[in-house]
Amino acid sequence: MKATKLIIAAAILALSSCTGQQGQQQENNEQQQVEADGTSRVAPLPASVKVDALTDCEVPAAFTTDDFDWMGGNLTMTVYSEDLYDAVQVNELKEGDIVVYEGKEIEVKTIARDGRFVEINGGMGEENGASLAAGEGGTYHGASFDDHSTYTELGKAQLPLAEDFVIEDCGVEPLDPVTTIKTGQKQYFEKLEDYRQHFSALDTKVTVENGVITKITRRWIP
């Protein structure tokens with residue numbers, strides 16, 4: 001009987017290992033696919049978080065002050081993932097390859113490398129153009145104007161607010177000091193000018209600890 005149980009356990013372990021390897025292989029295939037003619041399709045790396053399982057992370061997010069439920073003590077926000085690309089794949093890009101940029105497949109017709117930037121088909125300002133910028137950890141990020149990253153929407157999430165959650169908000173001008181709000185967060189939001197009551201994934205990060213929002217940070221962008 002013990003031998004039978006060991007055989008069954010070994011089979012389950014092998015199956016689990018195989019399934020995990022297949023899952024990883026599938027993710028790799030999604031970010032880079034090589035066709036029979038040698039052309040490649042390069043896409044952003046898989047998101048590091050799952051929108052329905054935000055526990056300990058910092059995520060780009062978009063929301064307005066109307067998305068706060070102060071009675072219920074929660075925030076409904078749209079969660080995004082920064083578009084990061086494997087540096088090796090970007091460095092191997094060539095004419096004829098496909099790059100997924102801002103959710104659209106772009107055929108590489110021309111490619112230029114200028115310092116830390118890779119300009120595809122003339123860059124982001126051109127029709128069917130794309131720009132990638134070298135970052136940290138062996139990655140490039142999709143680049144928009146003023147070197148801001150591009151982002152992919154993951155979906156909506158509603159998370160509770162910590163009783164002592166903190167707001168770190170930039171000023172209206174670049175050199176304005178950062179305002180740190182530890183109390184009276186609702187009143188602070190209500191006093192903001194209308195256009196400042198909208199938070200974008202371009203400038204806003206939400207910190208989540210143990211599934212609870214502990215900090216909202218907005219940095220100034222031009």
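1. Which residues does G138 touch, not counting those up to four places away in sequence? G138 touches Y85, D86 and A87, a contact being heavy atoms within 4.5 Å. The C-alpha atoms of G138 and A87 are separated by 5.3 Å, although the two residues stand 51 apart along the chain. G138 is partly exposed, at 47% relative accessible area (buried means under 20%, exposed over 50%, partly exposed in between; 1.4 Å probe, protein chains only).

2. The model is predicted: local features need pLDDT of at least 70 and side-chain atom pairs count only at pLDDT 80 or more, while totals for chains, interfaces and linings use all residues. Residues are numbered from 1 along each chain as its sequence is written, and side-chain values use heavy atoms, with hydrogens and water left out.

3. The structure holds five salt bridges (a side-chain nitrogen of Lys or Arg within 4 Å of a carboxyl oxygen of Asp or Glu). One of them joins D169 and R218 at 2.8 Å, N to O. D169 lies in strand β13 and R218 in strand β17, so the pair ties together parts 49 residues apart in sequence (strands are DSSP runs of E, at least two residues; helices are runs of H or I, at least four; both are numbered from the N terminus). D169 is buried, at 0% relative accessible area, and R218 is also buried, at 5%.

4. E190 and K186 form another salt bridge, their closest N and O atoms being 2.5 Å apart. Both residues lie in helix α3, four residues apart, about one turn of the helix. K186 is partly exposed, at 31%.

5. K94 and D97 also meet in a salt bridge, at 3.2 Å, N to O. K94 is partly exposed, at 37%, whereas D97 is buried, at 1%.
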